[in-house]
Amino acid sequence: MFATSTQLNYWTFSGETELRQLRQEANQNFVQTHGKHMSEQERAAFFLSPPEERLLLRQYEYVLKEFCNKFNPPLPKCILGTSLAFLKRFWINNSPMDYHPKDIMLTAVYLACKVEEFYVPISQFVSNLKGNREKFADTILTFELLLMSKLRYHLTVHNPFRAMEGLLIDVKTRFPELENAERLRRNAEEFIDRALMTDIVLIFSPSQIALAALLYSAGKEMVNLDRYVMDILMGGSSGEEIKKLIYQLKRIKHMVKTDPVIPREQVSTIQKKLERCRNQENNPESDSYKARMAERFDDEDLQKSHKRARIQEEERKRDLELVS
């Protein structure tokens, strides 16, 4: 149930202002950590600004959507919603200068397939990618645990697609005067697709997004759903509750309608800047990352060696006690 979910309690925010502040904090934390010995002017020239980060991350959300749409075998709609939710949640408290957006994007889709019980072996998953597929597989498996930990292991996502299915069933059942309610599906799904590319899923409940989508589609189809919403869906609700719902629906519609187009040329410039300022310790292709991983594996081997030595010593002592 959404009302008791981690999505509501931990990943639903008051609005765009709160999200903007959290993202700015993540950006500032990275800049302050990695630019300690730089002046303010040097930092501004070298690191990505919060607006630049947002443009870059929004571009990767569209890349994720295209990747899901072209994926073989075809992916259920819920995987698009879940992977985008993972991506958006991750970037609230982390900077793309710390972890490359492409690495997190691919890992988010792979993890979403698991969470939504749509099993795709890693070999089949990377077959949808061009380039060094073995390297892609290693990267995805490397970042999978990191992604889960940054999401606080809150992996259940309540998607508006499921809420829309419930509304369509309800319309067919309790509002029979509307003939062929299925005709509302196409435009409603289109609205949700557009909504997923904004911060709407971090601010509103799935049922509110689904209802906004249904009303948008009804407008396209010249269908009046006022009686269904007021008398059936909100029947028994107070005037204040109805007023609040209408306000939220207007906010959702406005955010979808005013979602700005991404300037591709500007994103290309930001990409080049990212390659200079990204954290190389989290870059699987960098020497510093490989050295860090080798050191970690050496530590793990040393710990295992010590553990084996302790076990052997304990066994030796037991054998001596038996002999004596």
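Guide: Welcome! A disulfide here is a pair of cysteine sulfur atoms within 2.5 Å of each other. Please keep in mind that this model is predicted.

Visitor: Which cysteine has the sulfur closest to that of Cys78?

Guide: Take the cut-off of 2.5 Å for a disulfide. The closest cysteine sulfur to that of Cys78 is 9.1 Å away, so it is too far for a bond. That sulfur belongs to Cys113.

Visitor: How far is the sulfur of Cys68 from the closest cysteine sulfur?

Guide: For Cys68, the closest cysteine sulfur is also in Cys113. The two are too far apart for a bond, because the distance is 7.3 Å.

Visitor: How many disulfides does a search of the whole structure find?

Guide: Cys68 is too far from its closest cysteine sulfur for a bond, and so is Cys78. The search of the whole structure gives a count of 0.

Visitor: Is Cys78 buried or exposed?

Guide: Buried means under 20% relative accessible area. Cys78 has 18% relative accessibility, so it counts as buried.

Visitor: How much space lies in the largest cavity?

Guide: A search of the whole structure finds 1 cavity of 30 Å³ or more. Among the 15 residues that line the largest cavity, those closest to its centre are Gln7, Ala85, Val157, His158 and Val201. The space in this cavity is about 100 Å³.

Visitor: Which element gives the largest share of the lining of the largest cavity?

Guide: Helices H1 (6-11), H5 (77-90) and H11 (206-220) each give two or more residues to this lining. By class, the lining has 10 nonpolar, 4 polar and 1 charged residues. The largest share, 3 residues, comes from H5.

How values were computed. Residues numbered from 1 in each chain as written. Predicted model: local features only at pLDDT ≥ 70, side-chain atom pairs only at ≥ 80, totals over all residues. Heavy atoms only, no water. Buried < 20%, exposed > 50% of the residue type's maximum accessible area, 1.4 Å probe, protein only. 1 Å grid on protein atoms, 1.4 Å probe; cavity = no way out; pocket = protein on both sides within 12 Å on 5 of 7 lines; lining within 4 Å. Points joined across faces, edges and corners; volume = space filled by probe spheres on them. Helix = DSSP H or I, 4+ residues; strand = E, 2+ residues; numbered from the N terminus. Nonpolar A, V, L, I, M, F, W, Y, C, P; charged D, E, K, R; others polar.
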